[in-house]
Amino acid sequence: DAQIDQRRDLRERAMGEWEGMLFRDLRRKLLDSRTIDDPFGLKFQPPGGESISEIAKRVKPILDEILEAKLDAVIVSHGGALSVILAQLVGQEIASARSFKFSNASVTELARNDWNVFVIESYNCLAHMSDIKSLQGSFDGSNR
């Protein structure tokens with residue numbers, strides 16, 4: 001039997017005082033927060049928000065549970081959190097999360113190989129959306 005668990009820890013990154021800001025403005029602030037010691041902004045926290053490193057710590061127990069259970073699982077979340085999750089599941093450093101980008105409603109499939117290592121089978125797939133007529137872009141008018 002399939003079981004559905006809602007896990008608060010799979011939520012998107014908390015942006016604190018920056019919540020609700022236009023994406024282009026938020027992106028600029030995040031890019032401006034990079035330092036020599038933190039070139040990918042992994043430790044940077046928006047005022048009252050959380051860092052990418054904190055997301056990684058938040059989702060790690062869930063990922064450990066999936067790895068230990070060796071069962072099929074579906075994770076539904078947001079792009080920022082999913083990029084951190086994907087980096088961890090394929091055994092990469094958290095900085096590699098900056099390499100992943102997810103379209104809304106996309107599907108990424110992983111399969112476990114004989115060494116219990118996840119392999120990316122498909123990434124950011126939108127084939128299931130090909131017959132659906134929907135608005136392009138985003139609500140705030142920015143292109144992500």
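Reply: What follows describes helix H3 and its setting, beginning with the chain as a whole.

This is a predicted model, in which local features need pLDDT of at least 70 and side-chain atom pairs count only at pLDDT 80 or more, while totals for chains, interfaces and linings use all residues. Residues are numbered from 1 along each chain as its sequence is written, and side-chain values use heavy atoms, with hydrogens and water left out.

The protein chain has 3 helices and 2 strands, in the order α-α-α-β-β from the N terminus. Helices (H or I, at least four residues) and strands (E, at least two) are DSSP runs, numbered from the N terminus. The C-alpha atoms fill a box of roughly 45 × 40 × 25 Å, taken along the principal axes. A compact globule with 144 residues would have a radius of gyration near 15 Å, and the 16 Å of the protein chain agrees with that. This radius is taken over C-alpha atoms, and the globule rule is 2.2 Å times the number of residues to the power 0.38. Of the 144 residues, 29% count as buried. Buried means under 20% relative accessible area, exposed over 50%, and partly exposed in between (1.4 Å probe, protein chains only).

Now to H3 itself. The buried residues are Ala81, Leu82, Ser83, Val84, Ile85, Leu86, Ala87, Gln88 and Leu89. Their cover includes H2, strand E1 (107-112) and strand E2 (118-125). After H3 comes Gly91, with a positive phi near 75°.

The axes of H2 (residues 52-69) and H3 (residues 79-89) come within 9 Å and cross at roughly 60°. H2 is therefore oblique to H3. Angles under 35 degrees count as roughly parallel, over 145 as roughly antiparallel, 65 to 115 as roughly perpendicular and the rest as oblique. Axes are lines fitted to C-alpha atoms, for helices over the stretch in contact, and angles run from 0 to 180 degrees between N-to-C directions.

On the H2 side, the contact is made by Ile52, Ile55, Ala56, Val59, Lys60 and Leu63; on the H3 side, by Ala81, Val84, Ile85, Gln88 and Leu89. Contact means heavy atoms within 4.5 Å. The residues of this contact divide into 9 nonpolar, 1 polar and 1 charged. Ala, Val, Leu, Ile, Met, Phe, Trp, Tyr, Cys and Pro count as nonpolar, Asp, Glu, Lys and Arg as charged, and the others, Gly among them, as polar.
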